[in-house]
Amino acid sequence: MTTTGPRTAGAEARGTEANAVAESDTDRVTGDAGQERLRRWRLVLGGDAADGTGHGLSGRDVAMDGALAALYGAPEGPPRTGRERSGGLGASAPSVARWLGDIRTYFPSSVVQVMQRDAIDRLGLSALLLEPEMLEAVEADVHLVGTLLSLHRAMPETTKETARAVVRKVVEDLEKRFAARTRVALSGALDRSTRLHRPRHRDIDWNRTIAANLKHYQPEYGTVVPERLVGYGRASQSLCKEVILCIDQSGSMASSVVYASVFGAVLASMRSLSTRLVVFDTAVADLTDRLDDPVDVMFGTRLGGGTDINRALAYCQSQITRPAETVVVLVSDLYEGGIRHEMLKRVAAMKASGVQFVALLALSDEGAPAYDREHAAALAALGAPAFACTPDLFPEVMAAALEKRALPVPDGG
């Protein structure tokens with residue numbers, strides 16, 4: 001069987017569609033593995049004359065093929081016959097609404113989210129998200145929230161409440177995923193950061209106690225005799241650490257804004273932490289007073305525009321009152337539109353004063369983003385490694401920063 005049929009959607013789209021077909025109907029029962037393989041290839045390749053499968057579709061597969069064709073068909077060249085694929089969802093909201101319903105019928109949620117993103121990117125459907133019936137039909141995820149945040153200033157009033165409901169659903173799902181684990185990780189870090197030298201037995205930090213007493217090793221007994229115990233106390237209810245989240249709100253950082261808003265709300269709920277949230281493009285906005293509601297934080301941002309990291313760090317620096325007890329987390333791709341050498345001087349000054357400075361190139365599930373490598377290297381030279389961080393790793397990164405220990409930089413970070 002040849003796989004060189006005249007699909008014209010491009011390699012990336014073909015890969016997405018192949019995944020969609022593979023993940024759909026995973027419980028399909030067939031007595032002929034070869035025929036099932038041909039069926040899947042037929043759905044991926046689109047049924048053109050040169051696809052080489054010789055396989056026809058029927059029933060549910062025809063409807064599934066139509067949903068895929070509407071997104072990935074993208075015809076070129078001479079017109080095709082009515083039985084062959086033709087791409088496009090048209091400009092009407094009703095046809096898009098039907099298509100959104102179809103893909104939710106035929107594909108699992110994870111695939112639906114990918115196809116929605118592809119539809120927004122490939123077919124320019126962003127404007128249709130300004131209509132309430134569209135928002136009610138879509139499968140909500142972080143990427144959709146990022147798109148809505150970039151559009152919300154253009155939304156009619158009739159759509160804004162629906163958009164907020166979509167965003168709130170995603171926020172609630174993220175809080176369920178991360179809140180408890182973040183509080184546990186950071187509470188432990190705060191406890192351990194309060195060192196005691198006359199601890200109770202249950203509060204002895206054995207690793208640090210052994211390290212502090214290695215010179216008292218007794219070879220004849222094969223043990224260390226500790227002369228000084230090192231322990232950690234239980235963090236009091238008073239504030240013991242301060243965290244400043246400084247978030248780049250340029251268009252490429254949409255997912256990071258979503259996750260940072262959720263984590264900011266979680267951190268703000270912890271009594272032993274004082275949390276401040278600052279967002280910036282060429283201007284700086286302090287959204288700390290909105291941290292009790294991540295949805296308000298997100299709708300207080302304005303994705304897009306330029307970037308002035310230096311100005312944002314200058315504001316953060318002005319808010320620091322206890323440098324040795326402060327962690328500054330900069331989330332940015334580091335494409336600086338401001339004064340580069342001033343930005344680096346500010347980071348150096350903060351670190352010299354005792355501030356723990358963390359630079360995250362992204363806070364998202366997408367992996368390593370595009371970023372300014374020169375600026376990342378300059379920060380690393382100052383002792384502030386810059387790396388992309390997944391939401392699952394963020395609690396551990398914050399715990400390490402609060403304890404002033406080495407950050408868990410992922411491989412390749």
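Figure 1. K345 is exposed, with a relative accessibility of 52%. The model is a predicted one. E342 is partly exposed, at 23% relative accessibility. The two side chains form a salt bridge, with the closest N and O atoms 3.9 Å apart. That distance falls within the 4 Å cut-off for a salt bridge. Both residues sit in helix α13 and are three residues apart, so about one helical turn separates E342 from K345.

**Figure 2. Packing of helix α12 against helix α13.** Helix α12 covers residues 309-318, and helix α13 covers residues 340-352. Their axes are 8 Å apart and meet at an angle of about 25°. Angles under 35 degrees count as roughly parallel. The helices α12 and α13 are therefore roughly parallel to each other. Their crossing is left-handed. From α12, the contact residues are I309, N310, L313, A314 and Q317. From α13, they are E342, M343, R346, V347, A349 and M350. By class, this contact of α12 with α13 has seven nonpolar, two polar and two charged residues.

**Figure 3. The K241–E325 salt bridge.** The side chains of K241 and E325 meet at 3.0 Å, N to O. This pair links distant parts of the chain, 84 residues apart. K241 belongs to strand β5 (residues 241-248). E325 lies in the loop between α12 and β8 (326-331). K241 is buried, with a relative accessible area of 6%. E325 is partly exposed, at 27%.

Figure 4. R181 and D392 form a salt bridge, their closest N and O atoms 3.1 Å apart. R181 lies in helix α8 (residues 157-193) and D392 in the loop between β10 (386-389) and α15 (394-403), so the pair ties together parts that are 211 residues apart in sequence. R181 is partly exposed, with a relative accessible area of 36%. D392 is also partly exposed, at 37% relative accessibility. A network of salt bridges links R181 and D392 with R177 and D365. The model has 14 salt bridges in total, among them R181 with D392.

Methods:
Residues numbered from 1 in each chain as written. Predicted model: local features only at pLDDT ≥ 70, side-chain atom pairs only at ≥ 80, totals over all residues. Heavy atoms only, no water. Axes fitted to C-alpha atoms, helices over the stretch in contact; angles between N-to-C directions. Helix = DSSP H or I, 4+ residues; strand = E, 2+ residues; numbered from the N terminus. Parallel < 35°, antiparallel > 145°, perpendicular 65-115°, else oblique. Left-handed = near helix turned anticlockwise from the far one by under 90°. Contact = heavy atoms within 4.5 Å. Nonpolar A, V, L, I, M, F, W, Y, C, P; charged D, E, K, R; others polar. Buried < 20%, exposed > 50% of the residue type's maximum accessible area, 1.4 Å probe, protein only.
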